[in-house]
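Please read them with the structure open.

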Amino acid sequence: MILISHRGNISGPIPNQENHPDYILKTLRQGYDVEVDVWYTDKLMFGHDHPQYEVDEYLFFITWRDRLWVHCKNIEAINYFKKQYSLVKYFWHETDTVTLTSQNHIWAYPGKQPIKNSIAVMPELYNDDLSQCVGVCSDYIQNYNK
């Protein structure tokens, strides 16, 4: 099972730390994959509702590319990743039932499980059936570490 921390959270949301580069690195170093929110203006920035933290591109998108799941928050970010970082797993979604990542992973909205070979997002919100999932993305990802 692929275990993906939502914005760096492991044992519950910590809004003032989410998407902070140091918080993300700490979680990656603990062995979890991490879903990060990324904006592109004239540079790449982490942040949920708006660009907030400047990103060291080499560190995150070269060194940790295999363990990052990039939620593009604007169209410019999608275009940037398509051109510059095609090996990174990136995607766009809002309230879609599912979206496909750039590497064809099925990213499923909370409450939509079971979907074969999908990533279940926040399954604890609806007590989703994970029997067919290949991964989980959660603020409580340590609870899925079995």
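Predicted model: local features only at pLDDT ≥ 70, side-chain atom pairs only at ≥ 80, totals over all residues.

1. Look at how the side chains of E5 are set. Leu 68, Val 70 and Cys 72 point one way. Trp 69 and His 71 point the other way. Both groups are buried.

2. Which strands pair with E5? E2 is one of them: 5 bridges join E2 to E5, and the two run parallel. Within this pairing, Val 38 has Cys 72 of E5 as its bridge partner. Strand E6 (residues 89-91) is also joined to E5, by 3 bridges, again in parallel. There, His 71 stands opposite Phe 91 in E6.

3. Follow the chain from E5 to E6. The path goes through helix H3 (residues 75-84), and this β-α-β crossover is right-handed.

4. Now turn to strand E1 (residues 2-6). Here 4 of the 5 residues are buried, so E1 is largely enclosed by the rest of the structure. E1 is joined to strand E10 (residues 135-138) by 4 bridges, and the two run parallel. Ile 2 stands opposite Gly 135 in E10.

5. E1 also pairs with strand E2 (residues 33-40), over 3 bridges and in the parallel sense. Asp 33 in E2 is the bridge partner of Ile 4. Between E1 and E2 the chain passes through helix H1 (residues 21-29), and this β-α-β crossover is right-handed.

6. Next, the charged pairs. Side chains of opposite charge can pair when their charged atoms come close. How many salt bridges does a search of the whole structure find? The search finds 4.

7. Arg 7 forms a salt bridge with Glu 18, with the closest N and O atoms 3.1 Å apart. Both residues lie in the loop between E1 and H1, so the pair ties together parts that are 11 residues apart in sequence. Arg 7 is buried, and Glu 18 is buried too. Asp 37 belongs here as well: Arg 7, Glu 18 and Asp 37 are linked in a network of salt bridges.

8. Asp 33 comes up again, this time in a salt bridge with Arg 67, where the closest N and O atoms are 3.3 Å apart. This pair links distant parts of the chain, 34 residues apart. Asp 33 sits in strand E2, and Arg 67 in the loop between helix H2 (57-63) and strand E5 (68-72). Are the two buried or exposed? Asp 33 has 10% relative accessibility, so Asp 33 counts as buried. Arg 67 has 22%, so Arg 67 counts as partly exposed. The cut-off for buried is under 20%.

9. Glu 54 forms a salt bridge with Lys 43, the closest N and O atoms being 3.7 Å apart. Glu 54 is in strand E4 (residues 53-54) and Lys 43 is in the loop between E2 and strand E3 (44-46), so the pair ties together parts that are 11 residues apart in sequence. Glu 54 is exposed, with a relative accessible area of 53%. Lys 43 is partly exposed, at 32%.

Definitions and conventions. Residues numbered from 1 in each chain as written. Heavy atoms only, no water. Buried < 20%, exposed > 50% of the residue type's maximum accessible area, 1.4 Å probe, protein only. Pairing = 2+ DSSP bridges. Right-handed = clockwise from strand over helix to strand, strands pointing away. Salt bridge = Lys/Arg side-chain N within 4 Å of Asp/Glu carboxyl O.
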